Amino acid sequence: MLVGNLRALDEKMGAAFCESASNLRGMGSTLESFDNSPQTYEFLFERIWQQDNPHFVDEFITEWADLRYGKSNKSARAAWQLLVDSVYRDWSYYGLGTLMT
């Protein structure tokens, strides 16, 4: 399923870091909460260590594309950037799901 808004997740995590810095002791998630989108799940746990990085989404996507395809590739990077800025802008919603037979 192609869902998982990295930019919105980044914004919400940034707000959590700012608004509860002295009380925040950890973050967690379940894979199901991201509809099994591995890049979204990976982003969450990488973002925790990059609290002060305002460009983390774009850096993450570049690294994700390189790691996914095993080398630096301009086309793969551009394709993932396009996906993040289009298809992956939405969250899943009621009625959207995977089809299993």
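Let's start at D85, which counts as partly exposed at 35% relative accessibility (buried means under 20% relative accessible area, exposed over 50% and partly exposed in between, with a 1.4 Å probe and protein chains only). This is a predicted model, in which local features need pLDDT of at least 70 and side-chain atom pairs count only at pLDDT 80 or more, while totals for chains, interfaces and linings use all residues. Residues are numbered from 1 along each chain as its sequence is written, and side-chain values use heavy atoms, with hydrogens and water left out.

The side chain of D85 meets that of R7 in a salt bridge, 3.0 Å from N to O (a side-chain nitrogen of Lys or Arg within 4 Å of a carboxyl oxygen of Asp or Glu). This pair links distant parts of the chain, since D85 sits in helix α4 and R7 in helix α1 (residues 6–19), 78 residues apart. Helices here are DSSP runs of H or I with at least four residues, strands are runs of E with at least two, and both are numbered from the N terminus. R7 is partly exposed too, with a relative accessible area of 33%, and R7, D58 and D85 are linked in a network of salt bridges.

In total there are four salt bridges. Another one joins R47 and D10 at 2.3 Å, N to O, linking helix α2 to helix α1 across 37 residues. Here R47 is buried, with a relative accessible area of 5%, and D10 is buried with 13%. D66 and R77 also form a salt bridge, their closest N and O atoms being 2.5 Å apart; D66 lies in helix α3 and R77 in helix α4, so the pair ties together parts that are 11 residues apart in sequence.

Now for the overall layout: the protein chain has four helices and zero strands, and buried residues make up 30% of its 101 residues.

Next come the rings. A search of the whole structure finds six aromatic pairs (rings of Phe, Tyr and Trp, the last by its six-membered ring, with centres within 6.5 Å; planes under 30 degrees apart are stacked, over 60 edge-to-face and the rest tilted). One of them, F56 with F60, is tilted, at 5.9 Å centre to centre and 45° between the planes. Both residues lie in helix α3 (residues 56–69), four residues apart, and both are buried. W64 and W80 pair edge-to-face, at 6.2 Å and 75°. W64 lies in helix α3 and W80 in helix α4 (residues 74–85), so the pair ties together parts 16 residues apart in sequence. Finally, F43, F56, F60, W64 and W80 form one aromatic cluster.
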